[in-house]
Amino acid sequence: MISTDALRALLPEGRVFDDPDVLAAHSRDRATFCPAGTPAALVRARETSDVAAVLKWANDNRVPVVPQGARSGLSGAANALDGCVLLSLEKMDAILDIDVDEQLAVVQPGVVNGVLAAAVAEEGLFYPPDPGSRSISTIGGNVSTNAGGMCCVKYGVTGDFVRGLEVVLADGRVMRTGRRTAKGVAGYDLTRLMVGAEGTLGVVTEVTVALRPASAQPLTAVAFFPEVADSARTVSGYLAEGHRPSVLEFMDASSVKAVQQIADLGFPAGMAAMLLVQSDRGDEAPADLAAFEKVARAMGAAEVVVSDSAAEGEMLMQARRLVGDAHEKLGKALLIDDVCVPRRHLVDLVQGMQRIAEQHRVQVLCSGHAGDGNMHPVVAFDDGDAEETVRAQQAFDAIMQLGLDLGGTITGEHGIGQLKRDWLGRELDEAGLWASRAIKHALDPNDILNPTRVLP
């Protein structure tokens with residue numbers, strides 16, 4: 001066990017904590033079935049020099065370091081390891097610059113996504129990546145997993161907006177990647193390498209993100225389907241016509257019912273699925289939604305509701321944003337999956353998940369970003385029943401295998417962490433695994449940065 005005195009000697013007062021209750025409270029994220037060890041210390045960094053000092057000391061002494069943001073992740077990447085230092089970036093939460101002319105912002109990793117979005121909106125700008133956890137998740141955490149969100153069908157994911165990073169390497173050296181310019185291809189793309197690395201290659205201490213001009217207030221429509229497969233066909237059919245909505249989301253009947261139990265939004269009973277679409281194209285938005293209604297009805301929609309105002313649309317969007325809270329109020333343990341498939345295989349995915357639920361006799365609820373094929377099936381089960389728990393794990397694995405069989409990926413935005421580490425070996429080929437391990441060893445030869453995470 002390490003001595004916290006050595007850490008305290010390196011850092012300003014009030015940075016290092018070793019109270020058991022404090023450590024326990026910071027020992028895990030929101031993932032299910034991901035063990036958490038007993039950390040030796042928690043460091044609440046407030047500036048880059050704190051991070052650099054911790055990593056240099058940890059590298060010299062071969063002590064594992066687990067970087068943490070808001071611990072809102074769903075893959076176990078922020079869970080403690082025995083004897084590790086938990087390195088929290090939550091207190092590094094300053095918006096350093098909003099450059100209106102260049103349409104970019106420079107922020108520390110602890111800035112909450114929704115806080116950044118609100119701040120740039122005051123300047124007439126727009127930060128599109130908006131994960132469902134935007135009210136609590138941090139930009140550093142979003143960068144760590146290359147998080148997506150509901151607007152990504154049109155605008156792209158976090159990595160598409162990261163211009164540059166400040167990163168502390170395993171040995172404590174500080175590296176800057178990327179640039180503030182709109183274009184630049186000098187050298188290897190180290191920014192892209194760090195985005196999505198889940199703290200295994202370096203610790204991000206500053207992020208430069210691109211912004212967009214504020215979009216028009218969106219208009220919204222919802223369509224209800226008696227058959228799940230018809231909703232999936234609507235997604236493919238609508239996008240195949242060339243439409244690019246700013247939001248195109250899916251909710252199955254179980255998810256709609258769960259939301260209705262915490263917020264009665266007046267949705268019709270007896271429907272198997274719901275699609276929610278938005279267009280932010282101003283004067284063109286009514287035509288976009290009319291086209292969606294036409295496709296949805298042709299595919300078998302029982303009811304389509306087109307909002308008359310942005311306020312009504314926001315009420316409809318609330319249904320999708322409440323899904324996570326609604327699932328948690330079911331009173332069951334949850335295994336949250338995150339598979340992404342080509343859109344043409346959405347029908348096969350949703351039908352396959354129905355078969356998996358029946359085969360393993362567990363409840364599978366599903367919502368997700370249908371417009372880019374990224375679905376979030378949730379296996380709900382009684383974790384007090386050992387046999388049902390095994391069946392839940394088997395269903396979870398079957399859904400991941402289904403995603404791979406359909407030409408997809410085991411994670412679209414939640415990351416690998418601990419939860420899907422073994423599965424990464426099935427998705428990547430031998431050469432891909434070799435290259436990934438070689439990069440990890442080159443940047444972190446002593447394996448102190450989030451060891452046992454991501455790579456099998």
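Trainee: In this predicted model, which residues does Tyr 238 touch, leaving out those up to four places away in sequence?
Mentor: Tyr 238 is one of the residues that touch the most other members in the largest nonpolar core, which has 59 residues. Contact here means heavy atoms within 4.5 Å. Leaving out residues up to four places away in sequence, Tyr 238 touches His 243, Pro 245, Leu 248, Val 277, Asp 288, Ala 291, Phe 292 and Val 295.

Trainee: Is Ala 301 buried or exposed?
Mentor: Ala 301 sits in the loop between α10 (285–298) and β15 (303–306). Its contacts, not counting residues up to four places away in sequence, are Ala 223, Phe 224, Phe 225 and Ala 296. Buried means under 20% relative accessible area. Ala 301 has 11% relative accessibility, so it counts as buried.

Trainee: What distance separates the C-alpha atoms of Ala 301 and Leu 169?
Mentor: Along the chain, Ala 301 and Leu 169 are 132 residues apart. Between their C-alpha atoms the separation is 53 Å.

Trainee: In what order do the strands of the five-stranded open sheet lie?
Mentor: Start from the edges: β5 (95–99) and β9 (174–178) each pair on one side only. Neighbouring strands are turned by 10° against each other on average, direction ignored. The pairing is antiparallel, and the order is β5-β6-β10-β8-β9.

Trainee: Which residue is the bridge partner of Asp 99 in β6?
Mentor: β5 and β6 (residues 104–107) run antiparallel and are joined by four bridges. Asp 99 has its partner in β6, namely Leu 104.

Trainee: Which strands of this sheet does helix α4 touch?
Mentor: Helix α4 covers residues 113–121 and packs on the sheet. Its direction makes about 35° with that of β5. The strands touched are β5, β6 and β10.

Trainee: Why do the buried residues of α4 line one face of the helix?
Mentor: The buried residues are Asn 113, Leu 116, Ala 119 and Val 120. Their cover includes β5, β6, β7 (125–126), α5 (139–145) and β10. Seen down the axis of α4, the buried residues line one face because they fall within an arc of 130°.

Trainee: Why is one side of β1 and of β3 left without a neighbour in the sheet?
Mentor: The four-stranded open sheet has the order β1-β2-β4-β3, with mixed pairing. β1 (16–17) and β3 (65–68) stand at its edges. One side of each is left without a neighbour because each has a single partner strand.

Trainee: Do β2 and β4 run parallel or antiparallel?
Mentor: Four bridges join β2 (residues 41–44) to β4 (residues 85–88). Leu 42 stands opposite Leu 86 in β4. The two strands run parallel.

Trainee: At about what angle does α3 run to β4?
Mentor: α3 lies across β2, β3 and β4. Its direction relative to β4 is about 160°.

Trainee: Where is Arg 71 found?
Mentor: Arg 71 is not a glycine, yet its phi is positive, about 60°. Its place is the loop between β3 and β4.

Trainee: What is the phi of Asn 146?
Mentor: Asn 146 lies in the loop between α5 and α6 (152–155). Although Asn 146 is not a glycine, its phi is positive, at about 55°.

Terms used. Residues numbered from 1 in each chain as written. Predicted model: local features only at pLDDT ≥ 70, side-chain atom pairs only at ≥ 80, totals over all residues. Heavy atoms only, no water. Pairing = 2+ DSSP bridges. Axes fitted to C-alpha atoms, helices over the stretch in contact; angles between N-to-C directions. Buried < 20%, exposed > 50% of the residue type's maximum accessible area, 1.4 Å probe, protein only. Arc of directions from axis to C-beta. Core = buried A, V, L, I, M, F, W, Y, C linked by side-chain atoms within 4.5 Å.
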